[in-house]
Amino acid sequence: MRTITLEEHFVTDSFLRATGAYDKPAPPWLAQLQPKLLDLGDGRIAAMDEAGIDLQVLSLAALGFDALDAATATPLVHDINDELAAAVRANPTRLAAFASLALKDPQSAARELERAIQKLGFRGVLLDGTTDGLFLDDPRFTPVFEAAVALNVPIYLHPAPPPESVFDTYFTGLPEGVGQMLSIAGWGWHAETALHTLRLITNGVFDRYPTLQLIIGHMGEMLPMALARTSKALSHAARLRQPVAAYFQSNIHLTTSGYFTQPPLRCALDVVGIDRLMFSIDYPFSANTLGRDYLTELEQTLTPEDLAKLIHRNAESLLNLS
């Protein structure tokens, strides 16, 4: 059965030079991943083969990108997308791509999205966290939403490290290394992306763009567990065309990236349903083999039809991959 994963990351030399990302004083585990992130060829394909992954949809691991000014970031992201397109052309049956954008210049970002979809053949766009401290519901990002809707491609909303003020308030005063990890994979990434998603809903983004499709990873960033209470509270406060929870049936999709236990999946299945779920691994931050072991476990609990939806059919439909 075909297996597609769609939160799988890379970097380029040009990105590393511009941002200094993954250099010291980065944690050793993060620096050690740099060779795998840079590999868009044989090593990556071999790691996919080891775990029976047929197709990866690649996206930039954009740590440090938001610190760049628009004049630097806009041409850089053009080059990054070109380099990714070349990697896809070299392995067109194994790799696909999400565009990267430089959001500090939203008009240029919208034009780059159009180029990436229409000329480079990308399947959507992945955006990371806040930009200059602003969430994507801010009106200045309207050109990007309009472009995504016109092009009929989804936006993958991905976490990013918190702004400095948030880090100082919530994640200091802890043992060395604990605060940083708590601010990202240990909790902060998921809490902020959940908040970001709820802001997009309650600020009416999906009412203005009813066909817009949003993907969030990490088994829904804790939202499935909280959605009944959250929807009840927010739906009374926000003036929307439908309850908050209903947007998870019309506009929002979840991936499994980085989550390899069954309780969160069962919750997501109960709350949003199999038709809104897609398999992902979060390579190389999670190992492909870990994802394969998880799928082997799910073969015992999901029907063949539901497993097929999870690991390839839903992604093929949403990203036009078939």
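Start by selecting Ile155, which stands opposite Leu214 in strand S6. Ile155 belongs to strand S5 (residues 155–158), and three bridges join S5 to S6 in a parallel run. Strands here are DSSP runs of E with at least two residues, helices are runs of H or I with at least four, and both are numbered from the N terminus. Two strands pair if DSSP finds at least two bridges between them.

Before you click on, a word about what you have open. This is a predicted model, where local features need pLDDT of at least 70 and side-chain atom pairs count only at pLDDT 80 or more, while totals for chains, interfaces and linings use all residues. Residues are numbered from 1 along each chain as its sequence is written, and side-chain values use heavy atoms, with hydrogens and water left out.

**Stop 1: the five-strand sheet**

Now show the whole sheet around S5. Five strands make up this open sheet, in the order S4-S5-S6-S7-S8, with parallel pairing. Strand S4 (125–128) and S8 are at the edges with a single partner strand each, so one side of each has no neighbour in the sheet.

Move along to S6 and S7, which pair in the parallel sense over three bridges. Pick Ile215 and you'll find it opposite His253 in S7. From S7, two bridges lead on to S8, again running parallel. Leu254 has Leu277 in S8 as its bridge partner.

Buried means under 20% relative accessible area, exposed means over 50%, and partly exposed is in between (1.4 Å probe, protein chains only). In a regular strand, side chains alternate between the two faces of the sheet.

**Stop 2: helix H15**

Next, select residues 262–271, which form helix H15, and colour Gln262, Leu265 and Ala268: these three are buried. They cover an arc of only 125° around the axis, so they sit on the same side of H15. That arc is taken from the directions between the helix axis and the C-beta atoms. An α-helix has 3.6 residues a turn, so residues three or four places apart point the same way.

What covers the buried residues of H15? The cover includes helix H12 (218–221), helix H13 (223–237), strand S7 (252–255), strand S8 (277–278) and helix H16 (288–298). Contact here means heavy atoms within 4.5 Å. Just after H15, look for Gly273, which takes a positive phi of about 90°.

**Stop 3: aromatic rings**

Show the side chains of Phe, Tyr and Trp. Rings pair if their centres lie within 6.5 Å (for Trp, the six-membered ring is used); planes under 30 degrees apart count as stacked, over 60 as edge-to-face, and the rest as tilted. By this rule there are seven aromatic pairs. Zoom in on Phe145 and Tyr209: their ring centres are 6.1 Å apart and their planes are at 20°, so the pair is stacked. Phe145 is in helix H7 (residues 142–151) and Tyr209 is in the loop between helix H11 (205–208) and strand S6 (214–216), so the pair ties together parts 64 residues apart in sequence. Phe145 and Tyr209 are both buried.

Then try Phe260 and Tyr294, with centres 5.9 Å apart and planes at 85°, so this pair is edge-to-face. Phe260 sits in the loop between S7 and H15, and Tyr294 in helix H16, so the pair ties together parts 34 residues apart in sequence. Phe260 and Tyr294 are buried too. For a cluster linked by ring pairs, select Phe167, Tyr170 and Phe171.

**Stop 4: the three-strand sheet**

Another open sheet has three strands in the order S1-S2-S3, with parallel pairing. Its edge strands are strand S1 (4–10) and strand S3 (95–97), each pairing on one side only. Strand S2 (residues 55–60) pairs with S3 in the parallel sense over three bridges. Click Val57 to see it opposite Ala96 in S3.

**Last stop: Gln300**

Finish in the loop between H16 and H17, where you'll find Gln300. Is Gln300 buried or exposed? Gln300 counts as exposed because its relative accessibility is 67%. Now draw a distance to Asp105: from C-alpha to C-alpha, Gln300 and Asp105 are 48 Å apart in space, and they are 195 residues apart in sequence.
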